[in-house]
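Here are a few friendly notes to read alongside the model. Please keep the 3D view open and follow each point in turn.

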Amino acid sequence: MGSIERTQGFEKAHVSLAGKFAGIASSLFPRQAVHLADAAESGLRGLPGVIALARADVPAIQRTGTGARLTYADPVSEATFGALVALAAAGGGPVAADPESLSVLALADRLAGTDIPVLINGPTGTGKEVLSQFIHKRSARQDKPFVAVNCAAIPETMLEALLFGHQKGAFTGANAAGEGFFRAAEGGTLLLDEIAEMPLPLQAKLLRALQEGEVVPVGATTPVKVDVRIIACANRDLPLEVEEGRFRADLFYRLNVFPMTLSALRERPNDIVPLAFAMLLRHAPQGQQVPWLSDGAVAMLKQHGWPGNIRELENVMRRALVLAGSETAIGTQHIVFDRPARLVERTPEAAPQVDFDEAGAGAKLSKVVQLSEARAIMETLDACGGKRAEAARQLGISERTLRYRLASFREAGLAVGGRR
């Protein structure tokens with residue numbers, strides 16, 4: 001990881017920006033060295049990662065090799081500061097300006113120096129994998145592999161073999177031995193994303209791997225020692241999953257040595273504009289000027305609820321680049337959200353109804369929770385036109401979990417629907 005250096009020319013010529021940036025500079029961790037300088041300074045040619053700033057009537061961003069030139073008109077606008085933060089992180093570091101996000105990064109930097117397991121909680125699309133990579137890159141294991149596994153994306157029948165490896169002939173189609181993700185990450189970091197989707201029987205084997213530091217490949221009888229740092233991510237309430245018997249309590253406490261939480265994007269509004277510029281820098285074609293965000297566009301982004309979090313923001317920015325074409329600025333006409341606001345609010349009668357009276361005054365809490373969960377899922381399915389994939393994304397669960405929930409509702413006699 002690099003550092004952020006500020007020249008005297010930058011401090012003197014850009015006082016407002018320098019003062020505001022100084023408040024967050026110590027909490028930013030660019031992967032490469034960054035030098036903030038005034039465009040009129042001499043002797044910048046030999047410095048790596050130079051971001052040269054200049055004042056002009058028309059704001060603009062021009063990429064120059066490993067650096068960039070940032071021209072701005074208003075030193076106190078959110079767009080100017082957001083563009084500067086995004087450029088400082090353009091080498092691959094996390095993009096953050098909100099106090100909550102900066103505190104999470106500072107804590108993650110301290111955790112990186114240890115080998116304890118980390119559990120990262122947060123809604124889908126909030127940057128949990130980016131934070132995991134940051135911890136890996138700041139650790140002593142940075143030169144070793146970083147292996148990310150999405151537990152919800154792998155069929156249950158294959159997950160054990162893919163995690164722990166298998167012997168040749170261990171099952172039909174196993175024509176060769178496989179080392180598995182644990183051994184592939186030897187010496188490095190293994191990210192277990194959507195850990196709540198792991199089947200209970202496999203959770204017991206994962207617990208043993210964490211406790212003993214060894215794995216038993218499928219079809220083998222001798223354990224194999226592994227040296228891996230584990231980071232687990234969850235988009236569901238794991239303590240609740242433990243209470244309801246869907247997640248092992250002993251595994252939860254083994255992983256929950258140091259829990260971290262990433263809030264939804266709408267709850268950290270100061271990250272929105274820097275992240276928007278970061279997306280523009282990522283997706284604007286090389287050799288072309290990166291379009292500026294107009295004040296109107298910034299206002300629209302700040303007012304949106306972002307149910308899809310950072311993934312939705314990336315969609316909006318990629319869409320804006322296409323719509324803006326060769327224009328030098330992105331305006332309100334180029335901002336199109338994933339879910340346009342409805343002109344007519346749905347009447348309560350339009351939503352599928354779940355009879356809460358059947359629970360009775362003396363019903364068990366689990367029954368009340370199941371009925372409440374059923375109503376929330378049915379209403380979301382209805383709002384998504386019955387599309388299960390979209391409903392699962394909005395609910396912050398995997399599509400496989402949604403299928404399980406729907407099946408349990410059918411068994412309970414509730415009429416449910418939904419299509420892919």
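This is a predicted model: local features need pLDDT of at least 70, side-chain atom pairs count only at pLDDT 80 or more; totals for chains, interfaces and linings use all residues.

1. In β8, which residue is the bridge partner of F146? The partner is T189. Residues are numbered from 1 along each chain as its sequence is written, and side-chain values use heavy atoms, with hydrogens and water left out.

2. Now look at the sheet around that pair. β7 and strand β8 (residues 189-193) run parallel and are joined by 5 bridges; two strands pair if DSSP finds at least two bridges between them. The open sheet has 5 strands in the order β7-β8-β11-β6-β12, with parallel pairing. Its edge strands, β7 (146-150) and β12 (258-261), each pair on one side only.

3. Helix α5 (residues 128-137) lies across β6 (118-121), β7, β8, β11 (229-234) and β12, and runs at about 165 degrees to β11. Angles run from 0 to 180 degrees between N-to-C directions, with axes fitted to C-alpha atoms, for helices over the stretch in contact.

4. Find V118 in strand β6. Is V118 buried or exposed? V118 is buried, with a relative accessible area of 0% (buried means under 20%, exposed over 50%, partly exposed in between, with a 1.4 Å probe and protein chains only). Leaving out residues up to four places away in sequence, V118 touches several residues, including L111, I135, I231 and F258 (contact means heavy atoms within 4.5 Å).

5. A second open sheet is worth a look. Its 5 strands come in the order β1-β2-β3-β5-β4, and the pairing is mixed. Why is one side of β1 (4-6) and of β4 (60-64) left without a neighbour in the sheet? Each stands at an edge and has a single partner strand, so one side stays without a neighbour. β1 runs parallel to strand β2 (residues 34-38), joined by 3 bridges, and R6 has L36 as its bridge partner in β2.

6. Finally, turn to two helices. α11 (residues 272-283) and α12 (residues 295-303) pack at an angle of about 115 degrees, their axes 10 Å apart. I272, V273 and A276 of α11 meet V298, L301 and K302 of α12.

Definitions and conventions
Helices (H or I, at least four residues) and strands (E, at least two) are DSSP runs, numbered from the N terminus.
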